[in-house]
Amino acid sequence: MRWSHILFLSVLLTFGLASCTAAETATAVPTPTVQPTELPTETAVPPTATPPPTETPAPTPTATQEATMTPTPEPTFTELFSIENAPDALKDPYGIAVDSQDNLYVLDAGNNRLLKFDSAGNLQQTWDVRGSGEGEFNSLGFGAIAIDANDNLFVVDNGNFRIQKFDSAGNFVTQWGSEGLRNGEFQRAIGIAIDAAGNVYVTDDGRPEIQVFDNDGSFLRKFGSRGRDDGQFQHPTGIAVDAAGNIYVADYETKRVQKFDAEGNFLLGWGMAVNTTGTPEGIGIDADGRLYITDYDRGRVEIFTPDGEFITSWEGGENGRFARPVAVTFDSEGNVYVSNQAGNSVRKFAPPPLP
């Protein structure tokens, strides 16, 4: 056979195959009813895989969840006054508390002294001797104070590894504690709170446990351990007890607040709401049970329900923004006091109506 014939047959064969391929391609165009890309993607998921919302209960806040947000706008807290001198300048004021007569007590930690003011901000009494004797203080630059139902005052004197108790007239009553890790000893005590029975709760970021004492300092029990799981702590700071005996603890390092029952059993936990990188430091509870939690790093106070639902927050008043707020307390009229550590001041506010 000649090469011309072979070439002619090859061309015919190639042309025929191409025609067949084109015909097959033309007939293979899918109709819209079988086009995969035209089918709704939802049909690929069984209906039971997405239950209706009413069948999924709202999750209880845990230590790893963000706080539940609500649309409440930032309120306007009217600033009544700011204490910055007594008579010399405050330095790193930390703990604050108000007694039944609305007298304000301030632990001016940087100056190793305790100050008492009336409700108008006038200085009434000073404990300003640095040392380790009765009624003397040696602060590490922080430390909380608390007042019981009988107006006894309890002061965290962390440089001396102890708690000091004073009566309503400011007289020294007793002290307890020493440096160590055994029951009744402290490493870096920070927060303190009193329950309705007069029991004293102390946080210690050097030994991340909550120690509980009776009103005269006898050790009762402790709860918590080092870690990041529910019921554990890394750097516990602020602490508060509500009217029902529930205990709230702020953890500076894990950036969360945990709630426990009166026996120290974990109930729930949540983080800061406005900015999840914020750092909870101090906790105050108002007469309606709302929690005021200071955000040390972000310079604001956030307000929550006892179940961790965010209500609102505010960043300061007429004297500017908060600068490392560390503690919150309230008087009998519902006015709010905030210790502003980096601002070297304690500020008093009249709150607006809150939900």
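Trainee: Is glutamine 101 buried or exposed?
Mentor: Glutamine 101 counts as exposed because its relative accessibility is 60% (exposed is over 50%, buried under 20%, partly exposed in between, with a 1.4 Å probe and protein chains only). Keep in mind that this is a predicted model, where local features need pLDDT of at least 70, side-chain atom pairs count only at pLDDT 80 or more, and totals for chains, interfaces and linings use all residues. Residues are numbered from 1 along each chain as its sequence is written, and side-chain values use heavy atoms, leaving out hydrogens and water.

Trainee: And where is glutamine 101 found?
Mentor: In the loop between β2 (93-98) and β3 (104-108); strands here are DSSP runs of E, at least two residues, numbered from the N terminus. Serine 332 is 231 residues apart from glutamine 101 in sequence, yet their C-alpha atoms are 8.1 Å apart.

Trainee: New topic: threonine 203, buried or exposed?
Mentor: Threonine 203 is buried, because its relative accessibility is 0%. Threonine 203 sits in strand β11 (residues 200-204). Its contacts (heavy atoms within 4.5 Å), not counting residues up to four places away in sequence, include Ile190, Ile210 and Val249.

Trainee: What does the side chain of threonine 203 reach at 2.6 Å?
Mentor: The backbone oxygen of threonine 237.

Trainee: Which strands form the open sheet?
Mentor: β14-β15-β16-β17, in that order, with antiparallel pairing (strands pair if DSSP finds at least two bridges between them). β14 (236-241) and β17 (266-270) are at the edges with a single partner strand each, so one side of each has no neighbour in the sheet.

Terms used. Helices (H or I, at least four residues) and strands (E, at least two) are DSSP runs, numbered from the N terminus. A polar contact is a pair of N or O atoms within 3.5 Å; within protein, one must be able to donate a hydrogen and the other to accept it, and residues adjacent in sequence count only if both atoms are side-chain atoms.
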